[in-house]
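Biologist: I've got a model open on my screen and I'd like to learn how to read it. Can we go through it feature by feature?

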Amino acid sequence: MTSTFRFGDRSVPFRDGQTVGAALVAAGIRSWRTTRVQGRPRGLFCGIGICFDCLISIDGTPNQRACLALARPGLQVTAQEGTGHDDLAV
Amino acid sequence: MVGAACAYYAARAGLDVLVLDRGPVGSGTTSRGEGNILVSDKEPGPELDLALLSQRLWRELGEDLGAEAFELEPKGGLVVATGDAAMDALRGFAQRQAARGVEVEQVPADGLRDLEPHLAPGLLGGVLYPQDLQVMPVLAAAALLRAARSLGAQVRTGVDVQGIERGDAGAVRAVVSSAGRHPASAVVNATGTWGGAVAATFGAPVPVLPRRGFVLVTEPLARVVRRKVYSADYVANVAASTEGLETSVVVEGTRGGTVLIGASRERVGFDETLSVEVVRRLAAQAVRLFPVLAGVNLMRVYRGFRPYCPDHLPVIGADARVPGLYHACGHEGAGIGLAPATGLLVAGQIQAQADGALADLALDVAAFSPTRFAAAHAQEPA
């Protein structure tokens with residue numbers, strides 16, 4: 001049986017043990033973050049937790065690495081703009 | 001960084017310059033710090049005078065070479081006190097610095113959060129140092145070398161210096177490296193933490209030793225820390241000479257959005273092992289100063305080895321033991337900040353040697369003499 005999590009208004013299927021990033025790519029979604037300065041699209045780059053390019057917001061917590069975060073049923077995953085912490089700016 | 005500054009000022013003085021770098025540009029001590037250009041943490045004395053000169057030179061470099069090119073930010077430093085004793089000590093320290101030419105502004109407790117809205121409540125006050133700056137050191141080293149090359153200097157990377165060749169009266173005649181023999185009448189030892197080892201191969205030892213430090217890097221954020229903010233304990237830690245671990249928190253935002261958290265000091269040789277204890281202590285101290293950081297991820301940790309001398313002063317200038325040998329090393333945690341002044345002074349000495357004139361320097365370098373340690377050792381009982 002395939003489980004799913006939410007990405008925005010979409011339902012994304014995943015297999016047990018798959019990461020959020022892998023499931024998104026398998027569903028044809030290749031970018032889920034925009035860069036802080038120029039707003040360019042970003043998704044998986046290194047895929048192994050080093051580069052911090054694939055940041056995504058999961059259940060309201062920004063800057064999670066999609067390549068490391070394990071997909072779980074019912075997660076609310078959202079695309080991230082900017083730092084994900086713009087509310088902290090002074 | 002120090003070597004790049006020496007090359008830049010020497011090339012500007014019209015000298016014929018060759019830079020030999022063991023690794024890629026900025027890959028040694030330069031890349032391991034936070035890019036601090038500080039007057040705030042310096043005790044009144046020769047190092048503070050050097051720092052005051054150097055921060056002026058950094059501003060000039062920003063104007064001449066483009067501050068944007070190396071992220072030079074005149075952000076200012078804010079030192080805060082958590083207790084009464086620390087507050088009193090900080091006030092006295094700042095007054096003595098002001099008498100030596102440092103710009104200081106006393107900040108009352110209720111004024112701290114106007115400057116840094118995310119600071120923890122309950123701090124007793126602080127001192128603002130508008131002259132403190134920050135720079136991205138690797139970009140700065142590259143920019144200075146680029147400028148030096150445009151003035152005729154040559155830069156060769158991936159070259160190991162193996163020794164010097166001495167001629168008549170023991171004076172420097174050439175540098176010997178993995179790339180061959182390079183005739184030279186003057187050689188500058190600007191090898192950071194390895195300055196002691198290199199000086200020994202030149203037959204003129206100086207006691208430069210490694211003092212390990214860790215820097216924590218958060219995920220990129222919007223600007224949450226405007227200045228360099230640190231606790232008043234930091235100054236005492238920098239000046240201390242204990243072997244054991246000392247930590248005092250230093251927090252600052254960068255242009256890239258990451259927040260850098262330092263600073264630890266320990267004498268463990270060149271041991272690169274990650275210390276979870278240091279990371280834990282620094283993170284806890286940072287959260288006490290800026291509670292907002294409790295909800296922020298650490299992205300990585302880097303470490304490096306400050307080149308320190310027993311008296312915490314750098315080694316700058318001509319070495320009387322080997323005519324033609326100059327040192328520019330041992331700046332401990334202040335090498336980025338002190339680089340331009342060091343480069344200017346060393347270049348001035350070399351130019352005077354070339355002209356057969358007496359050096360007319362912006363600052364007296366006697367306190368930084370490479371041979372001061374020999375005298376100290378001679379006074380020690382056998």
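Biologist: At what angle do α2(B) and α9(B) pack?

Modeller: First, the general idea: axes are lines fitted to C-alpha atoms, for helices over the stretch in contact, and angles run from 0 to 180 degrees between N-to-C directions. Helices here (H or I, at least four residues) and strands (E, at least two) are DSSP runs, numbered from the N terminus. In this case α2(B) and α9(B) pack at about 95°, and their axes are 7 Å apart. Angles under 35 degrees count as roughly parallel, over 145 as roughly antiparallel, 65 to 115 as roughly perpendicular and the rest as oblique. So α2(B) and α9(B) are roughly perpendicular to each other.

Biologist: Before we go on, what kind of model is this, and how do I read the labels?

Modeller: This is a predicted model, in which local features need pLDDT of at least 70 and side-chain atom pairs count only at pLDDT 80 or more, while totals for chains, interfaces and linings use all residues. Residues are numbered from 1 along each chain as its sequence is written, and chains are lettered from A and ligands numbered from 1 in the order in which they are written.

Biologist: Which residues of α2(B) meet α9(B)?

Modeller: A contact means that the C-beta atoms of two residues, placed from the backbone, lie within 7 Å. On the α2(B) side, B:L50, B:A51, B:L53, B:S54, B:Q55, B:L57, B:W58 and B:L61 take part, and they meet B:G337, B:L338, B:P340, B:A341 and B:L344 of α9(B). For classes, Ala, Val, Leu, Ile, Met, Phe, Trp, Tyr, Cys and Pro count as nonpolar, Asp, Glu, Lys and Arg as charged, and the others, Gly among them, as polar. That gives this contact 10 nonpolar, three polar and no charged residues.

Biologist: How do α1(B) and α9(B) cross?

Modeller: Helix α1 (residues 2–12) and helix α9 (residues 335–355) of chain B have axes that come within 7 Å and cross at roughly 40°, so α1(B) and α9(B) are oblique to each other. For handedness, a crossing is left-handed if the near helix is turned anticlockwise from the far one by less than a right angle, and right-handed if clockwise. The crossing of α1(B) and α9(B) is right-handed. Among the residues making the contact are B:Y8 and B:Y9 of α1(B) and B:L344 and B:I350 of α9(B). By class, you'll find 12 nonpolar, three polar and no charged residues there.

Biologist: And what is the angle between α1(B) and α5(B)?

Modeller: About 25°, with the axes of α1(B) and helix α5 (residues 137–150) of chain B 8 Å apart, so the two are roughly parallel to each other. Here α1(B) passes α5(B) in a left-handed crossing. From α1(B), B:A4, B:A5, B:A7, B:Y8 and B:A11 meet B:A141, B:L144, B:L145, B:A147 and B:A148 in α5(B). The classes come out as 10 nonpolar, no polar and no charged.

Biologist: Is B:L65 partly exposed or buried?

Modeller: A residue is buried if 20 or more other C-beta atoms lie within 10 Å of its own, exposed if 12 or fewer, and partly exposed in between; those C-beta atoms are placed from the backbone. B:L65 has 17 C-beta neighbours inside 10 Å, so it counts as partly exposed. B:L65 sits in helix α2 (residues 46–65) of chain B. Leaving out residues up to four places away in sequence, B:L65 touches B:A143 and B:A147.

Biologist: What about B:H312, where is it found?

Modeller: In the loop between β16 (298–308) and β17 (315–318) of chain B. B:H312 also has a positive phi, near 60°, in a residue other than glycine. Its 18 C-beta neighbours inside 10 Å make B:H312 count as partly exposed.

Biologist: Last one: how many residues does each chain bring to the contact between them?

Modeller: Chain B gives 13 residues and chain A gives nine residues. The chain B side has seven nonpolar, three polar and three charged residues.
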